[in-house]
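The entries below follow the order in which I looked them up.

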Amino acid sequence: MKFGLQFKASLENVTNVRPVGDDFRWYLKLKCGNCGEVSDKWQYITLLDSMPLKGGRGSASMVQKCKLCSRENSIDILRDTITPYNAEDSERYKTIVQFECRGLEPVDFQPQAGFAASGAETSTQFPEINLQEKDWTDYDEKASESVGIYEVTYQFIKC
């Protein structure tokens, strides 16, 4: 089952908001599809993580046993689905990544460090954006204007 993480924010003078690098951490809370148990701690997966699936069925970003029912579940980041959030997407939900899930589903997401963006009218790069507070502001010297990402929200959809 594929799940898409839809991102929504209000962008001020920035575009191309994106996760950076294979070590970008997607912080998720996951629910076991078998017993409904939801992880109490944030867990993160990255493109660098690869764990073998039982029975030689390839690999996934994370394979784990449910604490409650002991079922083995997995989640994999679909690299080719990672998409930037652009100025024209502002204030609309857009799928920025998809996850291939077996036996579980993502129920919560916590954006943290590791995002980057570009000035909407300039080539100014903002490489170190942390969205944990759901808001981020800076200043674009080239454009002499403030820039920001505000009111970050998200939802998961079945793809």
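Entry 1: Two strands count as paired if DSSP finds at least two bridges between them. I noted Ser-118 in β11 as the bridge partner of Thr-15. The model is a predicted one, in which local features need pLDDT of at least 70 and side-chain atom pairs count only at pLDDT 80 or more, while totals for chains, interfaces and linings use all residues. Residues are numbered from 1 along each chain as its sequence is written, and side-chain values use heavy atoms, with hydrogens and water left out.

Entry 2: I traced an open sheet of three strands in the order β2-β11-β12, with antiparallel pairing. β2 (14-19) and β12 (125-129) are the edge strands with a single partner strand each, so one side of each has no neighbour in the sheet. On average, neighbouring strands of this sheet are turned by 20° against each other, direction ignored; the axes are lines fitted to C-alpha atoms, and angles run from 0 to 180 degrees between N-to-C directions.

**Entry 3: the protein as a whole.** I counted zero helices and 14 strands, where helices (H or I, at least four residues) and strands (E, at least two) are DSSP runs numbered from the N terminus. The C-alpha trace spans about 55 × 25 × 25 Å along its principal axes. Of the 159 residues, 43% count as buried (under 20% relative accessible area, with a 1.4 Å probe and protein chains only).

**Entry 4: strand β9.** How many of the nine residues of strand β9 (residues 94-102) are buried? I found seven, so β9 is largely enclosed by the rest of the structure. Strand β1 (residues 2-12) is joined to β9 by six bridges and runs antiparallel to it. Strand β8 (residues 72-78) pairs with β9 over five bridges, also in the antiparallel sense. Phe-99 in β9 stands opposite Phe-3 and is the bridge partner of Ile-77.

Entry 5: Among contacts with a separation of 6 or more, I recorded 58% between residues 24 or more positions apart; a contact means heavy atoms within 4.5 Å.

Terms used. Buried < 20%, exposed > 50% of the residue type's maximum accessible area, 1.4 Å probe, protein only.
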